[in-house]
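Please examine the sequence and the model first.

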Amino acid sequence: MNKGIYLALLSMGLAQGMKIPIHFYKKKEWRPELFFGTGGMPSSHSAGVSTLTTYIAMQRGLPTFDFALSLIYGLIVMYDAQGVRRQTGELTLKVNSMNELIEKIHKEESVEFKQDSPKKLKEMLGHQPEEVVGGAILGVLVGVIGHLCTKKRIENYQNLR
């Protein structure tokens with residue numbers, strides 16, 4: 001049983017669940033479908049990799065290969081979440097607004113134009129830097145709590161023997 005994986009998945013689920021009330025607080029709009037979406041506060045990607053990295057650091061120590069691998073992987077994931085994926089999301093916003101402009105132009109023309117309307121692209125792909133940091137903080141908290149719970153459980157088991 002790999003507790004690090006379970007904790008990382010738990011923190012990702014918590015991050016996804018937190019997006020709903022945070023969005024409601026900010027926008028006064030209830031959107032439970034955000035649980036299954038990408039983007040938003042906090043980043044579940046950051047939460048997951050931060051939890052795993054924190055848990056490994058506390059269980060195995062900082063000078064281990066496991067920690068080094070998890071840290072580098074986590075940094076790449078967080079950079080990608082707020083860098084490449086965010087830029088993709090911003091490009092998608094521009095494509096969607098261009099599509100709306102084209103539709104307005106075609107409505108004003110008298111020439112009949114037949115084309116299947118393209119599906120609107122998903123605009124929330126990446127994260128703002130603060131969303132990545134929020135996910136990382138959540139991840140570290142879950143990693144620390146997970147380590148402490150595991151440590152107490154092991155101590156209790158050893159005391160029973």
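Q: How many helices and how many strands does the chain have?
A: The secondary structure is read from DSSP runs numbered from the N terminus, with helices (H or I) of at least four residues and strands (E) of at least two. Along the sequence the pattern is α-α-α-α-α. The chain therefore has, under that definition, the following content: five helices and zero strands.

Q: What kind of model is this, and how are its residues numbered?
A: This is a predicted model, in which local features need pLDDT of at least 70, side-chain atom pairs count only at pLDDT 80 or more, and totals for chains, interfaces and linings use all residues. Side-chain values use heavy atoms, with hydrogens and water left out, and residues are numbered from 1 along each chain as its sequence is written.

Q: What percentage of the residues of the chain count as buried?
A: A residue is buried under 20% relative accessible area, exposed over 50%, and partly exposed in between, with a 1.4 Å probe and protein chains only. Of the 161 residues of the chain, the buried share is 34%.

Q: Among contacts between residues at least 6 apart in sequence, what percentage join residues at least 24 apart?
A: Contact means heavy atoms within 4.5 Å. Among the contacts in the chain that join residues at least 6 apart in sequence, the share linking residues at least 24 apart is 75%.

Q: Are H1 and H2 roughly parallel or roughly antiparallel to each other?
A: Axes are lines fitted to C-alpha atoms, for helices over the stretch in contact, and angles run from 0 to 180 degrees between N-to-C directions. Angles under 35 degrees count as roughly parallel, over 145 as roughly antiparallel, 65 to 115 as roughly perpendicular, and the rest as oblique. H1 and H2 pack at an angle of about 150°, with their axes 8 Å apart. The two helices are therefore roughly antiparallel.

Q: Is the crossing of H1 and H2 left-handed or right-handed?
A: A crossing is left-handed if the near helix is turned anticlockwise from the far one by less than a right angle, and right-handed if clockwise. For H1 passing H2, the crossing is right-handed.

Q: Which residues of H2 make the contact with H1?
A: On the H1 side the contact includes Lys3, Ile5, Leu7 and Met12. On the H2 side it is made by Ser44, Ala47, Gly48, Thr51, Leu52 and Tyr55.

Q: Are H2 and H3 roughly parallel or roughly antiparallel to each other?
A: Helix H2 spans residues 44-60 and helix H3 spans residues 65-82. They pack at an angle of about 165°, with their axes 9 Å apart, and their crossing is left-handed. H2 and H3 are therefore roughly antiparallel.

Q: Is Val77 buried or exposed?
A: Val77 lies in helix H3. Not counting residues up to four places away in sequence, it touches His45 and Val49. Because its relative accessibility is 16%, Val77 counts as buried.

Q: Is Ser43 buried or exposed?
A: Ser43 is found in the loop between helix H1 (3-27) and H2. Leaving out residues up to four places away in sequence, Ser43 touches Ala15, His127, Glu131, Val132 and Gly135. Because its relative accessible area is 0%, Ser43 is buried.

Q: What is the C-alpha to C-alpha distance between Ser43 and His127?
A: Ser43 and His127 are 84 residues apart in sequence. In space, C-alpha to C-alpha, they are separated by 6.9 Å.

Q: Is Lys28 buried or exposed?
A: Lys28 lies in the loop between H1 and H2. Its phi is near 55°, a positive value in a residue other than glycine. Because its relative accessible area is 59%, Lys28 is exposed.

Q: Which residues are in contact with His147, leaving aside its neighbours within four places in sequence?
A: His147 lies in helix H5, residues 129-160. Because its relative accessibility is 9%, His147 counts as buried. Its contacts beyond those sequence neighbours are Tyr55, Met58 and Gln59.
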